Amino acid sequence: MAVTAADVDWMRVALAEASLAAALGEVPVGAVLVVAGEQIARGFNRTRTDTDPTAHAEVVVLRDAASRLADTRFGGTLYVTLEPCLMCMGALVQARVSRLVFGAIDPKAGAAVSLYRISGDERLNHRFAVDGGALAADCGRLLTDFFRDRRR
């Protein structure tokens with residue numbers, strides 16, 4: 001499946017979340033979970049804020065969704081501004097997410113298409129669709145600007 005106009009709209013929501021992360025000094029990654037066309041949860045990186053190395057945007061959103069839905073498996077599409085890492089891809093498998101749409105590629109830690117392809121690994125008990133590149137330039141620019149400003 002290719003990235004659609006609706007995917008771009010949801011990615012804008014994730015980008016807004018990423019901007020909130022940047023304002024707090026967090027690495028600007030945002031995410032939103034959509035099930036049956038409805039937003040279930042949204043969030044951003046909170047590793048420093050929560051003093052929790054697992055508080056990546058994806059995990060924050062999945063925890064919120066599980067609490068709201070009173071279930072740990074909920075399907076839906078997760079939109080995230082940066083290709084998820086290995087930990088987050090594992091969490092997406094556990095949550096039985098149906099589809100992942102991400103913005104920027106992460107060549108150093110990405111586990112959706114860059115370093116690994118977790119979503120299609122036949123050894124795992126769940127597989128899901130992945131579409132990358134939604135608003136990739138905007139997502140990448142937010143990260144590039146954040147790290148450039150931190151180096152100053």
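Helices (H or I, at least four residues) and strands (E, at least two) are DSSP runs, numbered from the N terminus. With that naming in hand, welcome to a short tour. This is a predicted model, in which local features need pLDDT of at least 70 and side-chain atom pairs count only at pLDDT 80 or more, while totals for chains, interfaces and linings use all residues. Residues are numbered from 1 along each chain as its sequence is written, and side-chain values use heavy atoms, with hydrogens and water left out.

**Two helix pairs**

Let us start with helix H2 (57–69) and helix H3 (residues 86–95). Their axes are 9 Å apart and the packing angle is about 25°; here axes are lines fitted to C-alpha atoms, for helices over the stretch in contact, and angles run from 0 to 180 degrees between N-to-C directions. H2 and H3 are therefore roughly parallel to each other. For such labels, angles under 35 degrees count as roughly parallel, over 145 as roughly antiparallel, 65 to 115 as roughly perpendicular and the rest as oblique. The crossing of H2 past H3 is left-handed, that is, the near helix is turned anticlockwise from the far one by less than a right angle.

Which residues of H2 and H3 make the contact? H2 brings Glu 58, Val 59 and Leu 62, and H3 brings Met 87, Cys 88, Ala 91, Leu 92 and Ala 95. Contact means heavy atoms within 4.5 Å. By class, this contact has seven nonpolar, no polar and one charged residues. In this scheme Ala, Val, Leu, Ile, Met, Phe, Trp, Tyr, Cys and Pro count as nonpolar, Asp, Glu, Lys and Arg as charged, and the others, Gly among them, as polar.

H3 also has buried residues: Cys 88, Met 89, Leu 92, Val 93 and Ala 95. Buried means under 20% relative accessible area, exposed over 50%, and partly exposed in between (1.4 Å probe, protein chains only). Their cover includes H2, E3 and E4. Just after H3, Arg 96 takes a positive phi of about 60°.

The second pair is helix H1 (residues 5–23) with helix H4 (residues 136–151), whose axes come within 10 Å and cross at roughly 5°. That makes H1 roughly parallel to H4. On the H1 side, Met 11, Leu 15, Ala 18, Ser 19 and Ala 22 meet Asp 138, Cys 139, Leu 142 and Phe 146 of H4. The residues of this contact divide into seven nonpolar, one polar and one charged.

**Residues in the loops**

Several residues between these elements are worth a visit. The table lists how accessible some of them are.

| Residue | Relative accessible area | Class |
|---|---|---|
| Thr 54 | 27% | partly exposed |
| Val 113 | 25% | partly exposed |
| Leu 124 | 31% | partly exposed |
| Thr 51 | 69% | exposed |
| Ala 70 | 70% | exposed |

Thr 54 sits in the loop between strand E2 (38–44) and H2. Leaving aside neighbours within four places in sequence, Thr 54 is in contact with Val 59, Arg 63 and Met 87. The side chains of Thr 54 and Arg 63 are joined by a polar contact of 2.9 Å. A polar contact is a pair of N or O atoms within 3.5 Å; within protein, one must be able to donate a hydrogen and the other to accept it, and residues adjacent in sequence count only if both atoms are side-chain atoms.

Thr 51 lies in the loop between E2 and H2 and has a positive phi of about 50° although it is not a glycine. Ala 70, in the loop between H2 and strand E3 (77–82), has a positive phi of about 55° and is not a glycine either. Most residues other than glycine have a negative phi.

Val 113 is placed in the loop between strand E4 (99–104) and strand E5 (129–132). Beyond four places in sequence, Val 113 is in contact with Glu 83, Phe 102, Ile 105 and Val 130. Val 113 and Val 130 are 17 residues apart in sequence, and 8.4 Å apart in space from C-alpha to C-alpha.

Leu 124 is found in the loop between E4 and E5. Not counting residues up to four places away in sequence, Leu 124 touches Val 93 and Ile 118.

**A buried arginine**

Finally, is Arg 99 buried or exposed? With a relative accessible area of 7%, Arg 99 is buried, and its place is in strand E4. The residues that Arg 99 touches, not counting those up to four places away in sequence, include Met 1, Asp 7, Tyr 79 and Asp 131. With Asp 7, the side chain of Arg 99 makes a polar contact of 2.7 Å.
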